[in-house]
Amino acid sequence: MSYPFLIGEMAKRRITREALSKSLGLHRNAISYKLREGSFSIEEAAKVKEEFFPDIPITTLFAKEEKTNICSND
């Protein structure tokens, strides 16, 4: 799972993983993991939204992309 909308908005607004890590008090690698396959706590998501994306609904910002299984049973 990942956060494609959040990652895209970070790129558009030039918000770095380092900026998120400083805001949340986490190591940069922890932010990378959360963006790639982890998850954010409600408190973390609220802080990111409030500080960096006040104009975007939190449910949109943190919508997850589910990984799909490409194997078929045909």
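Which residues in helix 2 are buried? Before the answer, a word on the model itself. This is a predicted model, so local features need pLDDT of at least 70 and side-chain atom pairs count only at pLDDT 80 or more, while totals for chains, interfaces and linings use all residues. Residues are numbered from 1 along each chain as its sequence is written, and side-chain values use heavy atoms, with hydrogens and water left out.

The chain has five helices and zero strands, where helices (H or I, at least four residues) and strands (E, at least two) are DSSP runs numbered from the N terminus. Read from the N terminus on, the elements run α-α-α-α-α. Of the 74 residues in the chain, 32% are buried; buried here means under 20% relative accessible area, exposed means over 50%, and partly exposed is in between (1.4 Å probe, protein chains only). Contact stands for heavy atoms within 4.5 Å. Among contacts between residues at least 6 apart in sequence, 62% join residues at least 24 apart.

Back to the opening question: the buried residues in helix 2 are Leu 20, Ser 21, Ser 23 and Leu 24. They cover an arc of only 165° around the axis, which puts them on the same side of helix 2; the arc is that of the directions from the helix axis to the C-beta atoms. An α-helix has 3.6 residues a turn, so residues three or four places apart point the same way. The buried residues of helix 2 pack against helix 1, helix 3 and helix 4. After helix 2 comes Gly 25, with a positive phi near 70°.

Leaving aside residues up to four places away in sequence, Leu 20 touches Met 10, Ile 15, Ile 31, Val 48 and Phe 52. The C-alpha atoms of Leu 20 and Val 48 are separated by 7.1 Å, although the two residues are 28 residues apart along the chain.

Val 48 also turns up where helix 2 meets helix 4. On the helix 2 side the residues are Ala 19, Leu 20, Ser 23 and Leu 24, and on the helix 4 side they are Glu 44, Lys 47, Val 48, Glu 51 and Phe 52. By class, this contact has five nonpolar, one polar and three charged residues (Ala, Val, Leu, Ile, Met, Phe, Trp, Tyr, Cys and Pro count as nonpolar, Asp, Glu, Lys and Arg as charged, and the others, Gly among them, as polar). The two helices pack at an angle of about 120°, with their axes 10 Å apart. Axes are lines fitted to C-alpha atoms, for helices over the stretch in contact, and angles run from 0 to 180 degrees between N-to-C directions.

Helix 1 has its own buried side, made up of Leu 6, Glu 9 and Met 10. Seen down the axis of helix 1, these residues fall within an arc of 105°, so they line one face of the helix. They pack against helix 2, helix 3, helix 4 and helix 5 (58–61). The face turned away from this buried side carries the exposed residues Ala 11 and Lys 12. Ile 7, also in helix 1, is partly exposed, with a relative accessible area of 32%. Its C-alpha atom is separated by 8.9 Å from that of Leu 61, 54 residues apart along the chain. In the loop between helix 1 and helix 2 lies Arg 14, which has a positive phi of about 55° although it is not a glycine. Arg 14 is exposed, with a relative accessible area of 76%.

In helix 3, the buried residues are Ile 31, Ser 32, Lys 34 and Leu 35. Seen down the axis of helix 3, they fall within an arc of 165°, so they line one face of the helix. Their cover includes helix 1, helix 2 and helix 4.

Finally, the nonpolar core. This term means a set of buried Ala, Val, Leu, Ile, Met, Phe, Trp, Tyr and Cys residues joined through side-chain atoms within 4.5 Å. The largest one has 16 residues, and those with the most contacts inside it are Leu 6, Met 10, Leu 20, Phe 40, Val 48, Phe 53 and Phe 62. Two or more residues come from each of helix 1 (4–12), helix 2 (17–24), helix 3 (28–36) and helix 4 (42–52). Helix 4 gives the most, with three residues.
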